[in-house]
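Hello,

Here is the structure I promised to pass on. Have a look at it first, and then read on for what turned up.

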Amino acid sequence: MYAQMVQSEATQDDPEKLAAFQARIDAGEKIEPKDWMPEGYRKTLIRQIGQHAHSEIVGQLPEGNWITRAPTLERKAILLAKVQDEAGHGLYLYCAAETMGVSRDELTEMLLDGRMKYSSIFNYPTLNWADIGAVGWLVDGAAIMNQVPLQRTSFGPYSRAMIRICKEESFHARQGFDAIRKMAEGTPAQKKMAQDAVNRLWFPALMMFGPSDKDSVHSAQSMAWKIKINTNDELRQKFVDQTVPQIEFLGLDLPDPTIKWNEERGHYDYSDPDWSEFFEVIKGNGPCNVDRLAARNKAWDDGAWVRDGLLAHAKKKAARQHAAE
Ligand code: 3HC
């Protein structure tokens, strides 16, 4: 049932109810789980929040890989805290999705068998320590660019989850910038590693915002419902405008030779990522898709005994309470 729910927002709702719902959205009211909502609104939110939650969880893998190899105790403690935060973000978001009647188990199963997506960025490898700095700075930086406006999204539980998540994500981006700055100011070999990380992760970071506006399937309806506040291209441009001066501050070369300030537009011009690569990655053909899903499937299978034990305990407790009444 939920497999169908996450696929399309096309629904046939009562036109009068739809108009009243749209008027609430237009007036800036928050929609709460027990309020009437069009089926398409519910489906879109389950798809987007579920995908967002999965991204937080899968996103632990490339960074978790470096916890044991962090260069200092301080960096290790920071990275450990960051990766734990991402798990927490996943849990807030699964809770927000659950308010719409889908369970965390159902969402997880759809991730594990490929029916639901997670952010394309986590299908790229983290090859060395400079990548960890670049991920914190660029990936969490891109995530924040998207998530700050989502604090004003129309669905109450999602917007409230985003407020807390954004506070933590900004710490994540700062620690990433600090780590890459240290590399950029280090030995020539360290600076080269920092440059290489930025070169490799720049275009995948731009892909995080989704396809260009002309190819975005959901943006128009999602923006009318204020599920999304900005288009994919608007956010991508904001990210480029914010990040280019940071790259220059670090003394690194720009990863895209076409980046140039455009006085007339008041923005940087830049090149689009290779969209054919993006579509391949989200189809499951990126460099790490197979490994990421294998790791999540293994964690799910290995954790079965914990879930079974907790469920058995809960059932036993309920039966004892029932008998005592
Ligand atoms: N990765 C994977 N799939 C993507 C994608 C990406 N970067 N960008 C778009 N897609 C998919 C969409 O899900 C959609 O496929 P579907 O119909 O099968 O779901 C298709 O490409 C077309 O894209 P649209 O632009 O029409 O889709 P959306 O309107 O959903 O926009 C989005 C995509 C901008 C990513 C939007 O869903 C969104 O804002 N999501 C919430 C934010 C989020 O998910 N962030 C994850 C970032 S990582 C993170 O937060 C972890 C942190 O620790 C760094």
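The areas themselves come from the Shrake-Rupley method with a 1.4 Å probe, and for residues only the protein chains shown count as cover.

Please keep in mind that this is a predicted model, in which local features need pLDDT of at least 70 and side-chain atom pairs count only at pLDDT 80 or more, while totals for chains, interfaces and linings use all residues. Residues are numbered from 1 along each chain as its sequence is written, and side-chain values use heavy atoms, with hydrogens and water left out.

**The chain as a whole**

The protein chain has 14 helices and two strands, where helices (H or I, at least four residues) and strands (E, at least two) are DSSP runs numbered from the N terminus. Its radius of gyration is 21 Å, close to the 20 Å that the globule rule gives for 325 residues, so the chain is as compact as a globular protein of that length. That radius is taken over C-alpha atoms, and the rule is 2.2 Å times the number of residues to the power 0.38. Along the principal axes, the C-alpha atoms fill a box of roughly 70 × 50 × 35 Å.

Of the 325 residues, 48% count as buried. The accessible surface of the chain comes to about 16200 Å², and 56% of it belongs to carbon and sulfur atoms. As for contacts (heavy atoms within 4.5 Å), residues 24 or more positions apart account for 77% of those with a separation of 6 or more.

**Pocket and cavity**

Both were found on a 1 Å grid over the protein atoms alone: a cavity is a set of points where a 1.4 Å probe fits but cannot get out, a pocket is an open set with protein on both sides within 12 Å along at least five of seven lines, and lining residues have an atom within 4 Å of a point. Grid points are joined across faces, edges and corners, and a volume is the space filled by probe spheres set on the points.

The largest pocket has a volume of about 1200 Å³. Its lining has 49 residues, and R47, Q48, Q51, M208 and G210 lie nearest the centre. Elements giving two or more residues to this lining include α3 (39-58), α5 (73-98), α8 (156-184) and α12 (275-285). The largest share, nine residues, comes from α7. By class, the pocket lining has 21 nonpolar, 17 polar and eleven charged residues; here Ala, Val, Leu, Ile, Met, Phe, Trp, Tyr, Cys and Pro count as nonpolar, Asp, Glu, Lys and Arg as charged, and the others, Gly among them, as polar.

The structure holds one cavity of 30 Å³ or more. The largest cavity has a volume of about 50 Å³, and P62, I121, F122, Y124, T126, V135, V139 and L201 line it. Seven of these lining residues are nonpolar, one is polar and none is charged.

**A few residues to look at**

Y118 lies in the loop between α6 (104-112) and α7, and counts as buried at 10% relative accessibility. The C-alpha atoms of Y118 and H54 are separated by 5.4 Å, although the two are 64 residues apart along the chain. Leaving aside residues up to four places away in sequence, Y118 touches Q51, H54, S55, V58, L111, N123, N289, R292 and L293.

L252, in the loop between α11 and β1 (260-262), is buried with a relative accessible area of 6%. Beyond four places in sequence, L252 touches A184, K191, A194, Q195, V198 and I247.

S216 sits in the loop between α9 (188-207) and α10 and is buried too, at 16% relative accessibility.

F249, in helix α11, is exposed, with a relative accessible area of 61%.

Finally, most residues other than glycine have a negative phi. K226 has a positive phi of about 55 degrees although it is not a glycine. K226 is in the loop between α10 and α11 and counts as partly exposed, at 29% relative accessibility.

Best wishes

Methods: Buried < 20%, exposed > 50% of the residue type's maximum accessible area, 1.4 Å probe, protein only.
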